[in-house]
Amino acid sequence: MPGLNTTSTADISFMLLIFFLVTSSMDTDWGLPRQLPPPDDLTKEEELVVKQRNALCLKLDANNQLTCNDEPMAIDDLSKRVEDFVANTADDPTLPELSVREVHLLGRCKVSDRHVIIVEVSPKATYDAYFQMQNAVVAGYNNLRNELALRQFKHPYSSCNAEQRDAISLVYPQRISEQALEEKGGES
Amino acid sequence: MKRGVFRRKKREMPGLNTAALPDLIFTVLFFFMIVTHMRDVDLQVRYDVPQGTEVKKLTHKSAVSTIYVGRVPGQPADSFYIQLNNKLATMSDIKAFVESEKAQMNSEDQPRMTVSIKADRDVPFGMIAKIKEALQQSFALKINYSATQRVKN
């Protein structure tokens, strides 16, 4: 009796293998990564005094209306505003102070390490509005970082190595402070 | 015609023995089946995540835990529920959830544990803020707002 022909078993298992390879990579999760401050900051009262020129106050009210330093603003203009605010290329006295520091790989350059973006969101605002705001702020930072990467390293930020990324994020650190607007009477 | 006899006696090369090939491939298949992380939670909440331009792919899938926030079919449209693992939960369950997820991870994944928040667009921010606070209290500081890619215009 001839042995069972098993030549096609390899093909069948190859099929299964390819199936698993394809399906397992399909449910990749995309999203906006964020880092939360450690809980110690929560108990400590906000005693941080920020100079007027260093702060950009973003508020989102219960009707999802965005205000930027108390002026109404459309979500599409926000990332440009964040860019202008953080970079302050013209040394405008109403925009954040820049400090000159020695940065690895970049030498002495102006560093925007004093600015703070203060975010206040009403609990009644929708998650989508909040997300779009976060997205716009991150887009502003990413544009600045990308421009700097193209200028200094001649390639976009996404293809920078860890060292270059560190240098760039020293020049444009993400300084976002989120205040929990709770339904309490004390402060408005 | 003696030469013809010799030609018939020429030895033929035996075919390569491929009997072990299926076994090898099965081994690779099982390896992938075990290693890939197919999280099959049956979703009880319905959600529609926001769209963003700056979204990134989540790496280290084994270090990601997910919190779902959305509507439950049959419940009023303005009430939102949290789902952890396979069941609906409340805010106070988040801490225990994070701890158990962390305990399940290997030591390599623990420091890069990320909590992905998959929330519906219409969820009030107050709820998200409370989830964030709960995560902060349980030292799950890396979070991710799950979203889909929107083409930059």
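B:Ile117 sits opposite B:Tyr145 of β7(B). Both residues belong to a predicted model, in which local features need pLDDT of at least 70, side-chain atom pairs count only at pLDDT 80 or more, and totals for chains, interfaces and linings use all residues. Residues are numbered from 1 along each chain as its sequence is written, while chains are lettered from A and ligands numbered from 1 in the order in which they are written.

Strand β6 (residues 114–119) and strand β7 (residues 142–146), both of chain B, pair in the parallel sense over three bridges. Two strands count as paired if DSSP finds at least two bridges between them. Strands here are DSSP runs of E with at least two residues, helices are runs of H or I with at least four, and numbering starts at the N terminus.

β7(B) also pairs with β1(A), in the antiparallel sense, over five bridges. There, A:Pro33 has B:Asn144 of β7(B) as its bridge partner. Strands of a sheet pair through backbone hydrogen bonds, either parallel or antiparallel.

The open sheet has seven strands with mixed pairing, in the order β2(B)-β1(A)-β7(B)-β6(B)-β3(B)-β4(B)-β5(B). Which strands stand at the edges? They are β2 (56–57) and β5 (87–89) of chain B; each has a single partner strand, so one side of each lacks a neighbour in the sheet.

**Where the chains touch**

The contact takes 40 residues from chain A and 46 residues from chain B. Residues are in contact if their C-beta atoms, placed from the backbone, lie within 7 Å. On the side of chain A that touches chain B, the elements giving two or more residues are α1 (9–24), β1 and α4 of chain A. α4(A) gives the largest share, ten residues. By class, that side of chain A has 22 nonpolar, 14 polar and four charged residues. Ala, Val, Leu, Ile, Met, Phe, Trp, Tyr, Cys and Pro count as nonpolar, Asp, Glu, Lys and Arg as charged, and the others, Gly among them, as polar.

**Helix α4 of chain A**

α4(A) lies across β1 (30–35) of chain A together with β6 and β7 of chain B, and runs at about 75 degrees to β1(A). Axes are lines fitted to C-alpha atoms, for helices over the stretch in contact, and angles run from 0 to 180 degrees between N-to-C directions.

α4(A) also packs with α5(A), at an angle of about 125 degrees and with the axes 10 Å apart. The two helices are therefore oblique to each other. Angles under 35 degrees count as roughly parallel, over 145 as roughly antiparallel, 65 to 115 as roughly perpendicular and the rest as oblique. A:Arg145, A:Leu148, A:Ala149 and A:Phe153 of α4(A) make this contact with A:Gln164, A:Ile168 and A:Val171 of α5(A). The contact has five nonpolar, one polar and one charged residues.

**Loop residues**

A residue is buried if 20 or more other C-beta atoms, placed from the backbone, lie within 10 Å of its own, exposed if 12 or fewer, and partly exposed in between.

| Residue | Other C-beta atoms within 10 Å | Class |
|---|---|---|
| A:Asn64 | 18 | partly exposed |
| A:Lys154 | 7 | exposed |
| B:Ala77 | 7 | exposed |

A:Asn64 is in the loop between β2 (55–60) and β3 (66–68) of chain A. Its phi is positive, about 65 degrees, although A:Asn64 is not a glycine. A:Lys154 lies in the loop between α4 (127–153) and α5 (162–171) of chain A, and has a positive phi near 60 degrees. Most residues other than glycine have a negative phi.

B:Ala77 is in the loop between β3 (64–70) and β4 (81–84) of chain B. Its C-alpha atom is separated by 17 Å from that of B:Ile128, 51 residues apart along the chain.

Terms used. Two residues are in contact if their C-beta atoms, placed from the backbone, lie within 7 Å.
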